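Me: I'd like to learn how to read a structure like this one. Can you walk me through it?

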Amino acid sequence: MSVLLSPAGSRLLLQNRKKEKKTALIFVAVLFFLSPSFLFSNTYKIEGILSGWCIFNNNRQSQTQLGLRYIPAFSIKKLLSKRFTFDLELLLNAYGSGQFNSLDNIQTDGQIKPYRMWFRFSSSQFQARIGLQRISFGSAALLRPLMWFDRIDPRDPLQLTDGVYGILLRYCFLNNTNIWLWGLYGNEKVRGWEIHPPDNKSPEIGGRFQFPFFSGEIALTYHHRKVNLSKSALNLSFIDSYLIPEDRYALDCKWDVGIGFWFEGNLIHKVNDNLSFPWQRNLNFGIDYTLGVGNGIYILGEYLTLKNSKEAFDEGDGMDFSAFLIRYPIGILDNVSGIFYYDWDNKELYSFVNWKREYDRLSFHIIAFWNPEKIQIYSGDFGNSLFRGKGFQFMLVFNH
């Protein structure tokens, strides 16, 4: 029997080692400069999430994966005064998995990496947070054009996503108007619907203005970065520079008029005249409602169109998806949910059904999926090759 170490996992571990050491040193320095009296006078927590899973995929070559993941979380909170608070949080993501077609062909993978690592200064209306963090916003739930800084798959029971390195400033006015400002640096992974990663040596800046509007809210968002095209699989030899400025503009809104309704869209421009499609449009429309049947049937539907074009509002080329979610609580402990996507261009259906039983600290999931062999949606960690075709997943999650 031969046991193979995954080359992809080994390369990723080597690539991230320097960044992990740098991030760890920053936090060690922060803890060092905090006096012992400061540390011991704080409220601190040590928590964690332990999960184990088994995935069976009955595609052309039947594959099975066994895995174990542990995310420990350490946090400290200090009241500086009646108005201001200082807190920090450190989470690690440690996992190992084994994937095999037979006992003679086993591939293993594993890694320990920072998951969240930030400190924050805040009051009731203001916060400043710096470090490795999750930044997420927008009105859509299943097909999110504003998935700019994460890659959350709604089907993932743990809702895992890598964070970004940067600083986030937020201020909330008394009428619920709020302003976000952020600056990112040192990030090199693709996020959301991206194909090209950011340049990790160039800063990214942006902001968001969100305010009440009739019975709901509306928001304007902007982000600027430089895209690194050198890692593209396409032939881009005609490009004079692989570092391309990119501007993103977004509008999203949500209202509750008995039926929940939202709109979310963005316009992305890569500033280079040599690109065939320098403009991209992503538009989402969605509704949700709870039917008064039994314990209440929650339903949600969304439609997303993605277009690449020569000019901002040309017809262009792209993809169209619809999504539908239904969830029903069977009782106090159990609920059943289903998420379905339809790819209108390729005429393909993605199906996902999850039965969940939840106790105070323990939850159990039985998941069935039936997807195309070639995944066009959510190609992140949860949407990897094991979720192509049809199969089952069993997951046990323990919180402490």
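Reply: Let's go through confidence first, then two residues.

Me: What is the mean pLDDT of the chain?

Reply: This is a predicted model, so start with the predictor's confidence in each residue. The chain averages a pLDDT of 86, with 84% of its residues at 70 or more. Residues 1–14 are another matter: pLDDT stays under 50 there, and the model has 19 contacts beyond four places in sequence for that stretch.

Me: Okay, on to T305. Is it buried or exposed?

Reply: Residues under 20% relative accessible area count as buried. T305 has 12% relative accessibility, so it's buried. You'll find T305 in strand β14, which covers residues 297–309.

Me: Which residues is T305 in contact with, leaving aside neighbours within four places in sequence?

Reply: R281, N282, L283, M319 and D320. With D320 there's also a polar contact between the side chains, at 2.9 Å. As for W344, 39 residues from T305 along the chain, the two C-alpha atoms are 9.9 Å apart.

Me: Now E194. Where is it found?

Reply: Look in the loop between β8 (178–184) and β9 (204–213).

Notes. Residues numbered from 1 in each chain as written. Predicted model: local features only at pLDDT ≥ 70, side-chain atom pairs only at ≥ 80, totals over all residues. Heavy atoms only, no water. pLDDT = per-residue confidence, 0-100. Contact = heavy atoms within 4.5 Å. Helix = DSSP H or I, 4+ residues; strand = E, 2+ residues; numbered from the N terminus. Buried < 20%, exposed > 50% of the residue type's maximum accessible area, 1.4 Å probe, protein only. Polar contact = N/O pair within 3.5 Å; in protein donor to acceptor, adjacent residues only side chain to side chain.
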